[in-house]
Amino acid sequence: TAGLLAANTATASAAIAADGLGKSEIPQVTLGRTGKKVPILGMGTSWSLSPSFVQASLFSGVRYIDTSETYENTKCEKVLGEVLERLKARDEIYLVTKCASYRRSMGTGTTKLFEDRLNASLERLKTDYVDCYYLHGLEGNQIELLSDPNVKAAFEALKKQGKTRFLGLSCHDAKLPEILEAAADCGWIDQVMFKYNFRDIGGKDRHDDLQRAIDKAVKANLG
């Protein structure tokens with residue numbers, strides 16, 4: 001049985017490599033100001049990722065994949081890179097990865113920090129670009145990074161070099177409403193990822209704050 005499964009998997013992989021993944025049957029939406037059409041169902045990778053799971057997800061219509069340099073100590077990026085290269089499917093996937101290293105080192109070396117970290121991610125992912133590069137896990141005491149001209153210049157340089165098409169951030173912090181508003185105002189963030197749970201931001205008394213921030217992000221056309 002295992003041998004038959006392996007043979008079927010190999011045959012499917014060869015077919016995808018030759019003909020592409022094909023059209024996803026999952027409904028699509030436009031991802032804000034990026035203008036890109038993506039399925040409403042994406043795949044996260046913050047766990048022990050296996051090549052067979054990635055491949056099964058792609059077979060099922062997943063075309064949006066979110067990963068990070070921190071997930072499983074870079075192993076998730078490596079698994080994704082190997083599968084996408086083997087299937088020759090990179091250009092059919094909207095691929096997001098994230099930088100968390102900025103938490104340990106900022107200041108005058110900002111541009112080099114982000115470039116070095118993204119270059120390392122690209123090598124693991126076996127690609128020369130990602131669709132979006134995130135500041136990962138932005139916290140309330142780091143909101144000023146969004147208005148820091150050095151951070152903006154560093155990220156926009158990566159975009160200009162073609163190493164990322166768009167720029168974004170992820171957030172699970174209690175000051176999510178304030179962070180979303182700052183992202184809408186800063187002018188260089190294209191999309192955001194956050195956990196929607198009013199309990200995480202102070203309970204029902206903060207729900208209206210979060211909804212206003214979401215409305216502001218929508219008005220700014222963030223993805």
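**View 1. Val29 in strand β1 of the predicted model.** Val29 counts as partly exposed, with 40% relative accessibility; this class lies between buried (under 20% relative accessible area) and exposed (over 50%), using a 1.4 Å probe and protein chains only. Val29 belongs to strand β1, strands being DSSP runs of E with at least two residues and helices runs of H or I with at least four, numbered from the N terminus. The model is predicted, so local features need pLDDT of at least 70 and side-chain atom pairs count only at pLDDT 80 or more, while totals for chains, interfaces and linings use all residues. Residues are numbered from 1 along each chain as its sequence is written, and side-chain values use heavy atoms, without hydrogens and water.

View 2. Lys36 lies in the loop between β1 (28–30) and β2 (37–39) and is partly exposed, its relative accessible area being 33%. Leaving aside residues up to four places away in sequence, Lys36 is in contact (heavy atoms within 4.5 Å) with Val29, Thr30, Leu31, Tyr94, Arg165 and Phe166. Gly223 is 187 residues apart from Lys36 along the chain, with 9.3 Å between their C-alpha atoms.

**View 3. Nonpolar cores.** A nonpolar core is a set of buried Ala, Val, Leu, Ile, Met, Phe, Trp, Tyr and Cys residues joined through side-chain atoms within 4.5 Å. The largest has 53 residues, of which Leu58, Phe114, Leu135, Leu146, Leu169 and Trp188 touch the most other members. Helix α6 (residues 176–186) supplies the largest share of this core, seven residues. A second, separate core has eight residues, including Tyr64, Val96, Cys132 and Tyr134.
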